[in-house]
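Good morning, and thank you for coming. Please look at the sequence and the model on the screen while I speak.

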Amino acid sequence: MASTGDESSRLERPDTFRVSIAAGKEAFIDRTGHAPGEPAAEDDPSVADALIAHPVYGSVGWLAVVNPGKRTSEATRELLRTACQLARARHERRRGA
């Protein structure tokens, strides 16, 4: 397994995975209560089914969930849809430029 630069998430545990989401600044602030890159209370990145600032890429607006479950499945789906729309819009802007 390749190193993620984030051993604190303990992703080497059996049946453990992380969903990483390029949420964008607005969604990041909405979900965390602070802007990307601003200091905040540290979350435990190994906790399952918790939506948190990504332990490596949170400073650029990414969110993360280890093993999404009942508490985070709806929010995770919504954030992934929005991330897809943002990526599509970036692609269209670049293609049109």
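This is a predicted model: local features need pLDDT of at least 70, side-chain atom pairs count only at pLDDT 80 or more; totals for chains, interfaces and linings use all residues.

Rolling a probe the size of a water molecule over the atoms shows where empty space is left. Here, one cavity of 30 Å³ or more is found, and the largest cavity has a volume of about 30 Å³. Which residues line the largest cavity? They are Arg18, Pro45, Val47, Ala50, Ile52, Ala64, Val65 and Val66. Strand 3, residues 62-66, contributes the most to the lining, namely three residues.

I turn now to the open space. The largest pocket has a volume of about 360 Å³. Its lining consists of 18 residues, and those nearest the centre of the pocket are Ala40, Ala41, Glu42, Asp43 and Ala53. Two elements, helix 1 and strand 2, each give two or more residues to this lining. The largest share, three residues, belongs to strand 2.

Next, I would ask you to find Ser46. Where does Ser46 lie? Its place is in the loop between helix 1 (25-32) and strand 2 (51-53). Is Ser46 buried or exposed? Its relative accessibility is 8%, and the cut-off for a buried residue is under 20%; Ser46 therefore counts as buried. Leaving aside residues up to four places away in sequence, Ser46 touches Ser8, Ser9, Arg10, Arg13 and Val66. Of these contacts, Val66 has already been named in the lining of the largest cavity. Another serine, Ser73, is 27 residues from Ser46 along the chain, and the C-alpha atoms of the two are separated by 17 Å.

My last topic is the aromatic rings. How many aromatic pairs does the structure hold? It holds one. The pair is formed by Tyr57 and Trp62, whose ring centres are 6.0 Å apart. Their planes stand at 50°, so the pair is tilted. Tyr57 has a relative accessible area of 43% and is therefore partly exposed. Trp62, at 29% relative accessibility, also counts as partly exposed.

That concludes my presentation, and I welcome your questions.

Notes:
Residues are numbered from 1 along each chain as its sequence is written. Side-chain values use heavy atoms; hydrogens and water are left out. On a 1 Å grid over the protein atoms alone, a cavity is a set of points where a 1.4 Å probe fits but cannot get out, and a pocket is an open set with protein on both sides within 12 Å along at least five of seven lines; lining residues have an atom within 4 Å of a point. Grid points are joined across faces, edges and corners, and a volume is the space filled by probe spheres set on the points. Helices (H or I, at least four residues) and strands (E, at least two) are DSSP runs, numbered from the N terminus. Buried means under 20% relative accessible area, exposed over 50%, partly exposed in between (1.4 Å probe, protein chains only). Contact means heavy atoms within 4.5 Å. Rings of Phe, Tyr and Trp (its six-membered ring) pair if their centres lie within 6.5 Å; planes under 30 degrees apart count as stacked, over 60 as edge-to-face and the rest as tilted.
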